[in-house]
Amino acid sequence: MPLDESLLNCVDETVLSRRGLLADSFRGLAGVAIASLLGQDGGTNRLWAATTPQPSGAGTPHFAPRAKRVLQIFCPGGASHIDLWEHKPSLEKLDGQPLPGETGVSTFQGKNGNLMRSPWPFQPAGASGKMVSSLLPHMARHVDDIAFVHSMYSKSNTHGPACVFMNTGSIFEGFPAAGAWVGYALGSANENLPAYVAIPDIRGEPPNGQANWSNGFLPAQHQAVVIADHQPVRNVAAPSGVSADEERATREYLNFLNEKHETQHPGSSELRARINAYKLAARMQLSAPEILNLNAETAATHRLYATADPNPLKAAYGRNCLLARRLLEQGVRYVNLYCASRASGVDGLLNWDAHKTLKADYERHLPIFDEPTAALLTDLKQRGLLNDTLVLWTTEFGRMPTQQEGVPGRDHNPDGFTCWMMGAGVKGGVSVGATDEFGRRAAVDPTTVWDFYATVLHLLGLSHTQLTYYHNGLNRRLTDVHGNLLRQVLA
Amino acid sequence: MRFRRCWIAIVASAVWFASGGDCLWAGVFEEQVAPILQKHCVRCHQSSTDRSGLSLATGPEVAASGAVEPGEPDSSLLLQVVSPHGDEPPRMPKESQPLSVDEIEKLRQWIAAGADWPKDYVIRVKAKADRSWWSLRPLADASPPELGAHTTAPKGWGANPIDRFILAQLQANGLRPNPRADRAALLRRVTYDLTGLPPTLAELAEFTNDPAPDAYERVVDRLLASPRYGEQWGRHWLDVVRFGESTGFEVNHLVDNAWPFRDYIIQSFNADKPFDRLVTEHLAGDAVGGGDPAVEVGLTFLVCGPTDIVGNSDPVKSLQIRADGVDEIIRATSEAFLGLTVGCARCHDHKFDPILQADYHRLYSTFAGVFHADRNVAPKALLAERAELEARKRALAEANAAADATPNPEIERQLAELDAQIAKLPEPPNLRVGRFEQPAAEQFVYVGGDVTRRGEPITPASLSTLADVTMPYELSGEAAEQTRRLMLARWLVSRDNPLTPRVLVNRLWHYHFGRGIVATPSDFGFMGEKPTHPELLDWLARQLLANGWRLKPLHKLIVMSETYQQSSAARDEAMQVDAGSQWLWRFPPRRLAAEELRDSILFVAGQLNEQSGGPGFKLYDYSRDNVATYKPRDQVGPETFRRAVYHQNARAARVDLLTDFDAPDCAYSVSRRVPTTTPLQALAMLNHPFLLQMADLLAARVAQTAGTQNMSEQVRVAFQLTLGRVPLAEEQIAAEALVAQHQLRALCRALLNCNEFLYVN
């Protein structure tokens with residue numbers, strides 16, 4: 001074809017060498033055609049999609065970081081602190097008695113009855129002897145690496161706002177998620193992949209859906225790209241009915257038009273940025289199917305993550321855990337991994353929202369969560385990734401120590417709950433803060449989501465007061481006007 | 001107070017005797033101590049904001065706090081927390097620099113001397129800007145600069161006053177403007193600008209061949225008269241008023257009766273409804289057009305923001321959610337009309353602008369009776385008649401049910417008659433226009449934004465921010481709910497309110513040039529950008545008022561200017577001075593907005609259905625139980641081939657192409673879209689089935705126009721339809737090779753993706 005010569009030799013050798021591998025996983029030959037379009041300017045586009053000016057984060061932290069990337073595991077529905085992580089012997093002793101000072105108080109869904117002990121015993125785990133629920137046999141093996149924060153409290157007792165609050169620091173929609181802030185600050189470490197990925201659960205999106213991984217008022221390139229084992233990246237597959245030859249010829253002609261147009265309109269970095277965006281898109285088209293190809297993993301790894309578990313929900317979550325590791329390994333900055341979804345129909349069926357049948361609900365959810373999550377942590381550790389990966393476990397709020405009036409379940413409790421951190425820069429085997437005797441309220445060192453993220457940013461080498469973006473009247477921060485470092489969790 | 005004694009003053013010449021509560025040289029406290037507390041403490045520790053219960057703003061509060069033990073500096077909490085202990089940094093202040101040694105010593109001496117506080121002295125935190133801030137001053141009576149004889153004004157730059165303002169600033173910055181754009185570029189620019197669509201080939205041919213001196217002016221008049229104008233500029237306004245068609249938050253159900261507001265906006269723009277009228281209808285449509293759906297529909301403005309409808313049995317949380325709902329209306333209103341971030345004064349006085357927490361709550365009590373709800377809108381008599389017939393029907397039905405099991409034929413007959421009568425009445429439209437209730441007479445400042453803490457009593461009133469220039473009003477707590485909103489609307493558009501017209505004309509400028517004279521169109525405060533051309537801004541605002549708040553004359557004035565008609569070409573020497581083109585030495589090129597892009601693809605493929613109005617179409621699959629789920633659609637049918645302004649925009653629902661190209665989520669008022677360039681855009685443009693479908697349809701259109709046999713004519717037509725020009729020789733040759741091998745679709749797909757298609761020069 002009589003095309004510009006330069007187009008025909010702008011082939012990225014490293015990508016082309018993967019042809020054989022890709023042929024299976026990517027709609028036959030179209031992927032190969034795309035590979036031929038890749039330019040050689042990869043080094044100049046270190047930031048994935050960072051083609052609009054970045055006023056604050058130029059990809060460099062404010063000071064030496066402990067962590068390079070973050071995995072945030074989220075259990076939507078309000079996972080009970082007093083049934084999972086924070087042992088309350090008084091609940092066992094005073095089971096069935098009124099909650100002192102707060103008899104019959106009304107919370108989110110209505111009136112509360114008497115104190116209710118956890119349906120399962122707690123057991124000591126690890127060298128630290130941390131008491132955790134006996135329904136967490138696999139996670140129990142990691143407690144010596146975890147810093148528990150038992151004194152979290154939230155501004156909202158409603159799933160949607162509280163979920164968004166936990167992810168963005170605001171109960172209102174329209175604010176950037178922590179992952180978006182980190183992507184804005186640090187960019188991507190892998191030009192072929194986005195900086196920020198959200199992996200929703202196979203059961204659906206969390207409460208308030210996409211507001212949880214939104215770019216908010218940050219430019220749109222900072223939103224999370226949604227990838228899951230059950231849900232490939234949107235629009236990443238070449239259109240069906242277009243042959244590899246046609247695809248290649250079309251893109252070559254497009255590139256020819258754009259290059260020509262640019263020479264006639266010099267001085268616009270935007271035109272060049274868009275030409276590069278097409279090349280980056282092509283790289284994503286190649287790398288996304290590759291990263292989603294879990295078959296590249298050994299049988300032992302699959303066994304570890306329980307990806308073939310007879311419980312399809314557990315197997316699906318296990319596959320997403322494995323995907324999370326692959327993404328982190330490839331340099332994705334921030335991964336949101338969800339275990340469960342928003343409520344739909346019956347409380348507690350699709351997520352951790354155990355209003356009426358705590359025992360049945362958690363005997364459904366805990367086995368899904370426990371083994372694959374523990375496998376992911378084990379795998380991160382054995383591959384050395386924990387050295388520079390920060391792992392967070394979060395939920396929107398905790399649950400009441402009392403039962404809901406007349407039913408064996410617990411209502412929402414925004415006044416006290418547990419989150420935890422692990423990995424890069426985090427001291428293991430510690431428990432920071434505490435709720436009161438019954439788990440009703442944060443009592444020792446009450447901690448906000450802003451404190452939590454001030455610490456996360458700190459571990460990433462970012463000062464939470466300096467990471468700002470102007471929006472509607474203010475230089476906004478992930479930590480609003482708050483945030484105190486949780487020094488006790490720092491290694 | 002214990003241990004009163006003299007405090008040897010910190011200023012050598014001044015001695016302050018703290019005896020009997022009287023102070024000698026009391027100014028020492030004001031000059032030496034109060035500034036420390038003001039600088040370091042009071043921003044957080046004042047009664048209106050403090051959550052820890054400690055206020056350091058007034059004498060009685062300090063005395064009650066126990067933080068200061070007069071005469072005992074070492075056991076005073078205040079001194080302990082601001083002093084470092086060994087290596088430990090001081091515990092306070094949390095959010096600013098630690099106190100200096102000198103400042104700590106001054107506090108020590110003050111406490112040691114008895115910690116006296118002049119009677120009634122209150123320490124207030126000052127905002128960074130006061131009421132003399134530029135945007136709060138009256139509109140200047142600016143006249144366009146005269147172009148002196150020595151200036152080398154380019155041809156035509158003296159006639160339009162706008163050009164004289166612009167030229168003066170260009171010359172002050174050592175810049176000169178570009179020559180005029182060529183006619184094809186100019187037509188494409190102004191057609192996109194005013195209608196959101198490209199010109200047709202016929203329009204292009206007509207304009208480029210029209211030698212008449214008023215050729216351009218006739219184009220402008222045609223475009224401003226086009227119904228497409230309202231669709232384009234109405235879309236801009238829908239961003240500003242954060243118009244969304246789902247409830248947002250966790251539930252996020254679709255709202256199916258908000259679209260009449262979108263149509264009302266489009267029609268209002270097309271009819272060039274005076275903007276003061278539009279503002280009044282937005283806030284108080286029931287007051288100025290009660291019972292008329294065409295007017296009351298404006299009230300959708302109040303309630304089209306996100307709202308939490310989950311419900312909450314926790315009484316405090318429930319109050320807080322309600323307060324958040326009112327807060328959303330306050331923010332939307334103050335940002336859209338005033339360009340002020342009044343929302344920042346919810347928990348404390350605004351830190352940057354002269355907006356008091358009391359001002360926020362004046363608006364709160366103005367909107368305290370507004371509830372997110374639907375309502376039947378019709379003349380009162382009609383609603384009453386229907387209600388009466390329905391009441392009679394209910395009574396009869398009850399009687400029938402009570403009588404016995406067998407239906408009474410007489411009652412059956414009467415019921416049927418009532419049904420017939422009801423059926424004859426016109427059906428009142430059910431609109432998302434809110435429900436209004438009379439608020440409690442007593443309203444209070446919520447201390448620190450906390451609904452459980454009542455501060456000073458407050459009534460509906462204008463903002464003190466503008467009290468020096470705009471006639472204020474204050475209503476009693478008994479004022480009717482509707483009156484509260486109507487008074488606010490009248491105050492917003494009163495002749496002496498400088499902000500509303502300034503903010504409005506700046507929005508116009510922003511959309512015409514891609515950047516406002518004030519680059520932060522919804523923030524005219526301290527944190528916003530300063531105007532590049534303040535005199536021009538005020539001159540335009542006065543033009544707006546002189547035109548009776550109509551926008552079309554202003555649009556015409558702007559697009560007829562030489563400033564607007566310049567070429568967009570970049571010149572090296574000018575780029576070095578002003579790469580952002582803020583001084584307008586060229587027309588700043590721009591990327592198509594999301595809606596313009598989708599509309600244009602449909603338009604060039606010959607598929608755009610120009611039907612106006614009615615319920616919106618959806619580019620997602622919607623499912624709901626207690627919460628809603630939105631899944632983007634791969635395959636879309638012709639029912640979606642309408643302009644994107646008619647898409648039913650749900651919140652937190654990702655829509656291919658539109659979301660990718662920065663269409664906002666409408667979670668909050670959007671005053672400017674940040675245009676991004678991302679691989680996700682490329683993926684959507686290359687791979688979404690819609691694009692392939694359109695490439696096929698465009699190819700069919702090309703073949704139909706050019707004939708199926710003549711390949712070189714096909715290439716020419718494809719270029720003309722998409723780019724409005726014929727291909728260059730090498731483009732033609734390469735395109736023919738592409739078509740020969742892969743058919744027309746491949747060429748069409750490349751053309752729809754190319755930069756030239758996406759950018760306006």
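**Entry 1**

The model is predicted, so I noted its limits: local features need pLDDT of at least 70, side-chain atom pairs count only at pLDDT 80 or more, and totals for chains, interfaces and linings use all residues. Residues are numbered from 1 along each chain as its sequence is written, while chains are lettered from A and ligands numbered from 1 in the order in which they are written.

Strand β6 (residues 196–199) of chain A runs parallel to β7(A), and two bridges join them. Two strands pair if DSSP finds at least two bridges between them. Strands (E, at least two residues) and helices (H or I, at least four) are DSSP runs, numbered from the N terminus.

Next I checked helix α8 (residues 178–186) of chain A, which packs on the sheet and touches β1 (69–74), β6 and β8 (334–338) of chain A. The direction of α8 makes about 165 degrees with that of β8(A). Here contact means that C-beta atoms, placed from the backbone, lie within 7 Å. Axes are lines fitted to C-alpha atoms, for helices over the stretch in contact, and angles run from 0 to 180 degrees between N-to-C directions.

**Entry 2: the whole sheet**

In which order do the eight strands lie? I read β7-β6-β8-β1-β9-β13-β5-β14 (chain A), an open sheet with mixed pairing. The edge strands, each pairing on one side only, are β7 (225–226) and β14 (430–432) of chain A.

**Entry 3: a hairpin, chain A**

I then found strands β3 (residues 122–125) and β4 (residues 130–133) of chain A, antiparallel and joined by four bridges. A:Phe122 stands opposite A:Ser133 in β4(A). Four residues lie between the strands of this hairpin, and A:Gly126 has a positive phi near 65 degrees.

**Entry 4: two helices, chain B**

The axes of α27 (residues 711–723) and α28 (residues 729–753) of chain B come within 10 Å and cross at roughly 30 degrees. That makes α27(B) roughly parallel to α28(B), as angles under 35 degrees count as roughly parallel. Among the residues that meet are B:Val715 and B:Ala718 in α27(B), and B:Val739 and B:Leu744 in α28(B).

**Entry 5: where the chains meet**

How many residues of chain A are in contact with chain B? I noted 62 residues of chain A, in contact with 64 residues of chain B. The elements giving two or more residues to the side of chain A are α7 (159–168), α9 (244–264) and α10 (269–292).

Technical notes: Parallel < 35°, antiparallel > 145°, perpendicular 65-115°, else oblique. Contact = placed C-beta atoms within 7 Å.
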